[in-house]
Structures are given as structure tokens and as C-alpha cells.
Amino acid sequence: MVGRIRRWQQRHWAERSKAERVELQSVVTWHAGLWVFPLSWLALPLVGGLDRRPLPLTLAAVLVAVAFLQCVTASRMLRPALDHYLGRTQLPPRTLRAPTMLLALALGTIVALAAAGGTDPITTRLATGAVLMSFGMPYALTVPIPVLLRRAAVLALLIVAAFAAVRASGIDLFATLVVTAFATGFSLTASRCGAWTLSVLWEAERAREIEARLAVAEERLRFGRDLHDVLGRNLSVISLKSELAVQLARRGRPEAVEQMIEVQRIAQESQREVRDVVRGYREADLLVELAGAQGVLTAAGIVCEVRAEAGALPAEVQSALGWVVREAATNVLRHGDAGRCALRLQVWEGRVVLTVENDGAADPAGSGGSGLTGLRERLAAVDGTLEAGLVGKDRFRLVAEVPVKQEVSGVTS
């Protein structure tokens with residue numbers, strides 16, 4: 001049983017993003033409210049406030065059955081109404097037909113009970129509020145607030161007129177207005193406020209995705225500018241000297257050979273410069289990667305602490321550990337729900353140790369990805385090792401260790 005619960009949690013909770021978790025929690029809360037509040041306001045008062053004559057008993061049974069169908073219909077309508085509010089889909093046609101008919105039937109049954117003297121006034125008002133909330137909670141997500149308030153006012157007047165027709169007292173009519181206003185306000189607050197919070201959360205999630213895409217695009221532009229700066233001038237020189245060599249060769253001048261030798265030299269120099277640009281793009285600078293990881297994690301709302309001892313580390317060691325920092329930061333963002341993350345770089349006894357530890361973790365090593373495997377291959381090229389796994393209940397620790405031959409010193413934090 002415990003294993004099943006953990007698998008369900010992993011499948012339906014741990015793999016969801018923060019926005020998806022908030023939406024799931026809100027939907028579950030709304031579904032619970034659709035059943036708990038209406039049925040408790042209806043069923044419990046009917047037990048003590050119902051006349052035991054056959055007609056009131058029959059009408060009460062009809063009312064309970066209609067209220068149950070209201071809850072079922074509202075639960076089915078909740079998801080389409082939420083998707084409509086969030087702008088994901090259009091509300092299917094005739095979605096409101098069945099809830100409206102059930103609401104009319106429920107209110108008619110309550111008025112009939114009151115006319116037959118089958119319930120006391122308090123039970124009648126509570127039953128009215130119960131059936132209004134069953135209809136109002138999903139309905140509040142389908143129309144603008146001014147439209148909802150206008151229609152609620154018209155409905156309240158109709159309900160008061162119906163009870164006035166069965167000779168309800170002035171106090172009862174005022175209580176009916178109060179209950180109707182409360183049911184409308186509760187439905188509006190419970191549904192609309194939560195849905196508005198979800199819309200803001202999803203908008204922030206989309207903004208984060210756009211920011212990440214812009215960062216990638218900016219890096220591509222930077223790379224393109226570097227290549228343009230390296231190749232632009234050299235290619236122009238090569239083109240001019242090649243054209244000059246062609247003209248000299250047509251005239252039989254020996255200087256054409258010298259021009260082609262110069263073209264060859266510039267071409268070789270361009271190849272070397274391009275390799276330097278690509279190497280600088282592919283190889284990770286360790287301190288730059290640590291600062292970048294701290295910036296990215298902080299932007300994602302994760303408290304990130306970086307402590308690094310940096311000095312004359314070999315370039316290949318910096319590159320390998322820089323890739324470890326990149327992958328570790330990606331894992332913190334993608335796996336689990338981290339609130340804090342600590343990155344420590346220490347150099348002692350002829351080795352450099354990089355430790356990344358975060359809370360709220362799900363073990364990425366068990367997710368079937370190839371990120372950690374690729375890191376182990378990169379570290380193996382510099383005789384390094386990598387250990388990663390859960391520490392305690394929800395903390396994940398990654399430790400990369402690489403031997404270094406020369407001494408390094410200096411502290412940066």
C-alpha cells in the first residue's frame with residue numbers, strides 16, 4: 001500500500017511543475033467544496049426540520065436527489081469552466097443547460113416544500129443557499145463578474161417573489177435575500193479568486209519560459225557576433241588578395257604566388273581563430289558557470305549560496321567541473337521542488353571537490369536520463385569521479401572530485 005501511494009505521488013505530484021501542483025490542489029479543493037457545503041447545508045437541516053407527512057417526505061427526497069445531481073453536474077462542469085476562464089478552450093455549447101434546469105427544479109421543490117408547510121423557515125433558507133452554491137461555483141468561472149452580479153440580483157428577486165407567493169413573512173423574505181447574497185458572494189470568491197491566482201501563476205510560468213528562450217537566443221547571437229568579428233575581416237582580405245592574385249596570374253606576374261601564400265596564411269589563421277571561438281563557447285569557465293548557476297536559481301525563487309576557492313586550475317579541469325555545475329543547476333530546476341541550494345568548491349590535498357546540495361529533491365539518477373552519465377564520462381577524461389544521490393528524506397547531493405597536480409590558491413565567495 002505504501003509503495004502504491006509513493007508511485008501515485010511520483011506520477012501525479014512529483015512530476016508536476018509548481019503551477020500544475022497549485023492547479024491540482026485548487027481543483028481538488030473546489031470539488032470538495034461542491035459536495036461538502038451544499039449537501040451539509042441541505043441534508044443535515046432536513047433531518048431535524050422536516051415534517052414527517054408523506055408529501056413533505058416525498059418532496060424532500062426529490063430535493064436531495066436533485067441536489068445530488070447538481071453536485072455531479074457541477075463537478076463535470078468545473079474543469080471545462082476553468083479551462084474557459086484560463087483561455088485554454090471555449091466552453092462547449094449547451095454546457096449550462098443541465099445545471100440551469102436542475103437549479104430551477106431544486107428551487108421549485110424548495111418553494112413547494114415551503115407552500116406545503118413541510119419545513120421550518122431556517123431549513124428552507126439553508127436549502128436555498130445550498131442549491132445556489134452548487135450552481136454558482138462553476139458558473140462564476142463562465143461569465144464576467146458584472147454579468148454574474150446582474151443575473152444573481154434578478155434571480156434573488158424571482159426567489160423572493162416565489163416565497164412571497166406562498167405567504168412568507170417579511171423577515172423570511174429578508175433572510176432569503178441575505179442567503180442568496182451570501183451564496184453568490186461565496187461562489188464568486190471561492191471560484192473566481194482561486195482561478196485568478198492560477199491565471200497569474202501560469203502567466204508567470206510562461207514568462208519564465210520566454211525568458212529562458214530569450215537567454216538561449218541571446219547566447220546564439222553572441223556566438224554569431226563572435227564568428228562575424230573573427231571571420232568578417234579575414235574573409236574580406238582573402239577575397240581581395242585572391243582577386244589580386246588572379247589578376248597578377250593573368251599577367252604572368254610572379255607576385256601572384258606571394259599573394260596566394262598570404263591567402264593561405266590568413267585562411268589558416270582564420271581556422272585557428274574559429275577553433276578558439278568554438279572552444280571558448282563549448283568549454284565552461286568554472287567561476288562564470290558558478291555565477292550563472294546562482295543567477296538562474298535565484299531567478300527561479302531558490303535561495304542559492306555559492307562558496308568557491310578558485311585559482312590556477314587547469315583549463316580541462318575547469319571545463320569538466322563547469323559542465324557539472326551546468327547539469328547540477330538544470331537538475332535542481334527540473335527535479336523536485338527546491339527551496340535552497342548550496343554550491344561549494346574546495347581545493348585541498350591535491351584535489352578539487354565540487355559539492356552541490358539542494359532540498360525538496362526527487363532523485364534524477366533514477367529518472368532514466370543521461371545527464372549524470374555524461375558528466376561521469378567528462379570527469380573520467382580528467383581522472384575525476386562523480387557521486388550523486390539522495391541524502392536523508394528530501395536532500396540531493398552531488399559530489400565531483402578531480403585530482404590536480406599544481407597548487408591553487410585564493411578565495412572567492
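A polar contact is a pair of N or O atoms within 3.5 Å; within protein, one of the two must be able to donate a hydrogen and the other to accept it. In this predicted model, such a contact of 2.7 Å joins the side chains of Thr-124 and Thr-119. Thr-124 is situated in helix H5. With a relative accessible area of 5%, Thr-124 is buried, because a residue under 20% counts as buried. Leaving aside residues up to four places away in sequence, Thr-124 touches Ile-110, Ala-114, Thr-119 and Phe-163.

Helix H5 also packs against another helix. Two packed helices are described by the angle between their axes and the distance between the axes. The axes of H3, which covers residues 54–85, and H5, which covers residues 121–139, come within 8 Å and cross at roughly 20°. H3 is therefore roughly parallel to H5, since angles under 35 degrees count as roughly parallel. The crossing of H3 past H5 is left-handed.

Which residues in H3 and H5 meet? On the H3 side they are Leu-63, Gln-70, Cys-71, Ala-74, Met-77, Leu-78 and Ala-81, and on the H5 side Ala-127, Val-131, Ser-134, Phe-135, Pro-138 and Tyr-139. By class, this contact of H3 with H5 has eleven nonpolar and two polar residues, and no charged residues.

Is Ala-165 buried or exposed? Ala-165 has a relative accessible area of 60% and is therefore exposed, the cut-off being over 50%. The C-alpha atoms of Ala-165 and Val-111 are separated by 9.3 Å, and these residues are 54 residues apart along the chain.

Key. Residues are numbered from 1 along each chain as its sequence is written. This is a predicted model: local features need pLDDT of at least 70, side-chain atom pairs count only at pLDDT 80 or more; totals for chains, interfaces and linings use all residues. Side-chain values use heavy atoms; hydrogens and water are left out. Axes are lines fitted to C-alpha atoms, for helices over the stretch in contact, and angles run from 0 to 180 degrees between N-to-C directions. Helices (H or I, at least four residues) and strands (E, at least two) are DSSP runs, numbered from the N terminus. Angles under 35 degrees count as roughly parallel, over 145 as roughly antiparallel, 65 to 115 as roughly perpendicular and the rest as oblique. A crossing is left-handed if the near helix is turned anticlockwise from the far one by less than a right angle, and right-handed if clockwise. Contact means heavy atoms within 4.5 Å. Ala, Val, Leu, Ile, Met, Phe, Trp, Tyr, Cys and Pro count as nonpolar, Asp, Glu, Lys and Arg as charged, and the others, Gly among them, as polar. Buried means under 20% relative accessible area, exposed over 50%, partly exposed in between (1.4 Å probe, protein chains only).
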